[in-house]
Structures are given as C-alpha cells and as structure tokens.
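Subject: Structure handover

Hello,

Here is the structure I said I would pass on. Please look it over first; my notes on it follow below.

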Amino acid sequence: MSTGSQYDVSPKNDSKDAAFDVVIVGAGMVGTGLCALLANAGMHVALVEAQDTPLLPETLDLTQPAPRVSALTPVSQRLLTQLNAWPAMATARVTPYHYMHVWDGEGSGEIRFSADEAGVPVLGHIVENDVTLAALNAQLTDHPKITRIDGTRVEALQTTATGRWLELDNGRELHAPLVVAADGARSTLRELAEIAVSEDDMGQHAVVTTVRCEKSHMGTARQVFLAGEPLAFLPLTVEGDDHYCSIVWSTTPEQAKALCELSADALGDTLGSAFEYRLGRVDVRDSAYRFPLVQRHAREYVQPHLALVGDAAHSIHPLAGQGVNLGLMDAAVLAEEVIQAWRRGAPWGDERILARYESRRRGDNAAMLGLMKGFKLLFGAKNPALTLARNVGMSSVNRLVPIKRVLMRQATGERGRLPESCR
Ligand SMILES: Cc1cc2nc3c(=O)[nH]c(=O)nc-3n(C[C@H](O)[C@H](O)[C@H](O)COP(=O)(O)OP(=O)(O)OC[C@H]3O[C@@H](n4cnc5c(N)ncnc54)[C@H](O)[C@@H]3O)c2cc1C
C-alpha cells in the first residue's frame, strides 16, 4: 500500500494524466513488462509510447513470421508466465529449441549443447518480438492502474523536489516520483537527463530475414562463425512446418548492404553456401533487413527519480541472443526494488533505492557486453596460432560436460540472485 508520505502522489481525481507513481517512457518488450509488474502490484503507472497503436494478439498477422525474433531464455519465460503473457504467446507462435550447435567456419572446432545434458527441459524459445509485445500489451488493456499515452514523444524533462516533470509533444505534462527510460538504444530520455554512454561500434550490421530450408531444423539453434561474422539459423515452426528459420548474419556494413540488395534466389544461394548446406537448400521467404550493431552502455543507470532499463541502459551484439533477456531482467529487478520501497512507504524514486537496482544489474550486463566483444575478437582473429587455440578450445570444452553445464546455466539466464518474479 502506498503511504501518506510525500511520495503519495497517486492520481487523486479524474485528471489521471497529472501525477502517477511511475511514468515509463517506451512501450517495447521491456517497458511493457515493467509496466505490468508495477501495475499488478497496485502502483499507478503511465506508459508513454511514440507509436500510435499497440499491437494485440488479435491484430497479429501470423501467416508469415515477422523478421525480428528473440531467443528467450527459460528465465525470461518464467517472468512472462508470471505476467500471464506466455499462454497467448504459446497460442500464437513460440518455437522451443532443445539443442544448440556452434562451429568455427575456419576450422574444425565445434560445440554442441543439449537440454538433457544441461538438465533443463528446454534451452530456450525463438519468439517473434511482435508475438511477445502483443501478449504483454493484452495484459495492459483496461488495467485499472495503467494509463497508456500512445502516439506521443517526450520533449522535455525537469527535476522537482519530489520527482520529475515530463513534457510530451502533444502538450501534456506528467509528474511522478519515478520516471523510467525504456525508450530503446537511442533513448531520448537518457539524452535529456544528460547521461553519457560508452559506445563501441562493432563494425558490423546484422542482416535478418526468414527462410525455409530443405531440411527440418530439428529444434536446434545453429550458428557458424565465418571469420568473425556469426551467421545464425534460428528454428521457427510455422503451422507445424519445422523447416523455417530466422536468419541473423552479422557482417560488414558493405556486405550487409549487398546482401539486402540481392534477389531472393541469389540470397538463398549465398545463405545456403555460407551455411555449408547443413540444412540443405535455402528458400528466402521475406525481404532482408539490416541493423547497425553498436554496443552501448550507459555510464549511470539511475539519477534521483530516474532509471534506465533495457536497451536504453545497454545494447549488445546479438550473437548470443541476450539483449531482451537482459532488459527483462532489468525490469524485474527494478520492479522488485521499487515495489518493496512503495509497500513500506519509503521514497521509491530516491536515488538510494534506485542504486540497489543498478548494483544488482550493472555487473551482469557489463559481463555480457564484455563477453560479446571477446567472442567477436576471438572469432575474428586471423592469427593461425589463435585460430588453432580457438578450435582446440571449442572441441575440448565440447567434451567436458560439467563445464558445458555451467556455460548452459549462464546462457539460459540462471545467473546470480534472480528476482522473485523469475524464480
Ligand atoms: C538483429 C537483432 C537480433 C536480436 N536478437 C536477439 C535475441 O535473439 N535475443 C535477445 O534477447 N535480444 C535480441 N536482440 C536485442 C533485442 O531486440 C533488444 O534488446 C530489445 O528489443 C530491446 O527492447 P527495449 O524494450 O529495451 O527497446 P525497444 O524494443 O527499442 O523499445 C523502445 C520503445 O520505445 C519507443 N520510443 C522510442 N523513443 C521514444 C520517445 N522519445 N518517446 C516515447 N516512446 C519512444 C519505441 O517506439 C519503442 O516502442 C536482437 C537485436 C537485433 C538488432
């Protein structure tokens, strides 16, 4: 219960857009997840989103897989289940994978993981981002504690004694003891708060598209490293057909541009040959899209009355499929700290409360960002000694089940003290 402290600024009348317990800017997967967690605990939340109309399960076009997908870990699945979003996602389309196979295109090194070996029912699920977002949005619809403000951008941010004022481009003003930036990698709110970021241009663009392969994906997520360029074939099962895959190829900006300009047939041939025809011939079923890959890490996640989550706090190379999983974990940890403070009548926007969120999340995010950089350097190395060490290392690890089990626990999100909502 919110107490009568100076932080009890819940809407007291019908002008619901005046004051909230929390305002979240950005209704991507992380912002909507956070919004549901806070509102389900009883906090009044405003959710501000630049796009006009929220996606809903009934408005999804499932005839063709959407090009943006994420590999969701079992820990993220538990959070989405707790939020009651998972059943709608499972009804729409989620593809479990029980095996992972990663190999070095420059040598003989390879590593295989299986759910059985890791002692877990499943290693993860490949899910279209739209499917996750629509299911989360459905949980927010008609929620008595949530005010959605769509089709609006934030224009100005001011600090007051008890919180932050936000000015929106439609002229509305919002006040809350806590404002959360969930507005993605190029966060406007982060900029307005003058929070610096360290930027690491990975020198690559990711090309994504959907393909149908000659052979079944067999519930396996596959990735080959081609001279430092990871090419992933992520399994998708479309209406019972398990020959579909979502492609993520991280390559030079020039090659990414060239790939996107190829005809579907030529792109299919290029993908098939780069992937050593492990899944046979490749038939491209969508346009190819490309995204520049820049790793960013905000120098601070919190200020008084302000917190950053998800890509607004960190964006990461997709080669290990961790981005949204890290962001959902930020949301779960921030919600846990804020709800605990709110329930005991403590000032939930106070920097000391928010600092607990930062101290629980920064290390994990920083470690993943560092690991992705290390992978890219290791697999990009041309030095023959390093190439040999890399291949011998991979094959040796492949034979060491206990080490693989530790690696798999990390990759499936079972790291550190998990928030209650993810246990
Ligand atoms: C090619 C590729 C493959 C990937 N694969 C994976 C994977 O397999 N697994 C994984 O975990 N992650 C993956 N990721 C990363 C993942 O997609 C991101 O980490 C995730 O989408 C970030 O979610 P978010 O909610 O933080 O931000 P976003 O999804 O960027 O959402 C931000 C929201 O804020 C809104 N917004 C922006 N500015 C404003 C403003 N000024 N005012 C109001 N609203 C605003 C936007 O419209 C948007 O809705 C991949 C990324 C790429 C590029």
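To begin with the contacts: of those in the protein with a separation of 6 or more, 74% are between residues 24 or more positions apart. Please keep in mind that this is a predicted model.

Overall build

The protein has twelve helices and 21 strands. Its radius of gyration is 22 Å, close to the 22 Å that the globule rule gives for 423 residues, so the protein is as compact as a globular protein of that length. The C-alpha trace spans about 65 × 40 × 40 Å along its principal axes. Of the 423 residues, 55% are buried. The accessible surface of the protein is about 17700 Å², and carbon and sulfur atoms account for 52% of that surface.

The ligand

Around the ligand there are 32 residues, and the closest are E49, R68, A71, D311 and V324. By type, the shell around the ligand divides into 14 nonpolar, 13 polar and five charged residues. Several elements each supply at least two residues of this shell: the helices α1 (29–40) and α9 (323–343), together with the strands β2 (45–49), β3 (69–72) and β13 (197–213).

At R153, an N or O atom of the side chain is 3.3 Å from a nitrogen atom of the ligand. At G323 the backbone takes part: one of its polar atoms lies 3.2 Å from an oxygen atom of the ligand. Taken alone, the ligand exposes 1000 Å², and the protein buries 86% of that area.

One residue in detail

I also went through D364, which sits in helix α10 (residues 351–380). Is D364 buried or exposed? Its relative accessibility is 18%, and the cut-off for buried is under 20%, so D364 counts as buried. Leaving aside residues up to four places away in sequence, D364 touches L326 and R415. With R415 there is also a polar contact, side chain to side chain, at 2.8 Å. The other partner, L326, falls within the residue range of α9 (323–343), one of the helices that supply the ligand shell.

That is what I have on this structure for now.

Regards

Technical notes
Residues are numbered from 1 along each chain as its sequence is written. This is a predicted model: local features need pLDDT of at least 70, side-chain atom pairs count only at pLDDT 80 or more; totals for chains, interfaces and linings use all residues. Side-chain values use heavy atoms; hydrogens and water are left out. A residue is near a molecule or strand if one of its heavy atoms lies within 4 Å of it. A polar contact is a pair of N or O atoms within 3.5 Å; within protein, one must be able to donate a hydrogen and the other to accept it, and residues adjacent in sequence count only if both atoms are side-chain atoms. Accessible areas come from the Shrake-Rupley method with a 1.4 Å probe; for residues, only the protein chains shown count as cover. Helices (H or I, at least four residues) and strands (E, at least two) are DSSP runs, numbered from the N terminus. Ala, Val, Leu, Ile, Met, Phe, Trp, Tyr, Cys and Pro count as nonpolar, Asp, Glu, Lys and Arg as charged, and the others, Gly among them, as polar. The radius of gyration is taken over C-alpha atoms; the globule rule is 2.2 Å times the number of residues to the power 0.38. Buried means under 20% relative accessible area, exposed over 50%, partly exposed in between (1.4 Å probe, protein chains only). Contact means heavy atoms within 4.5 Å.
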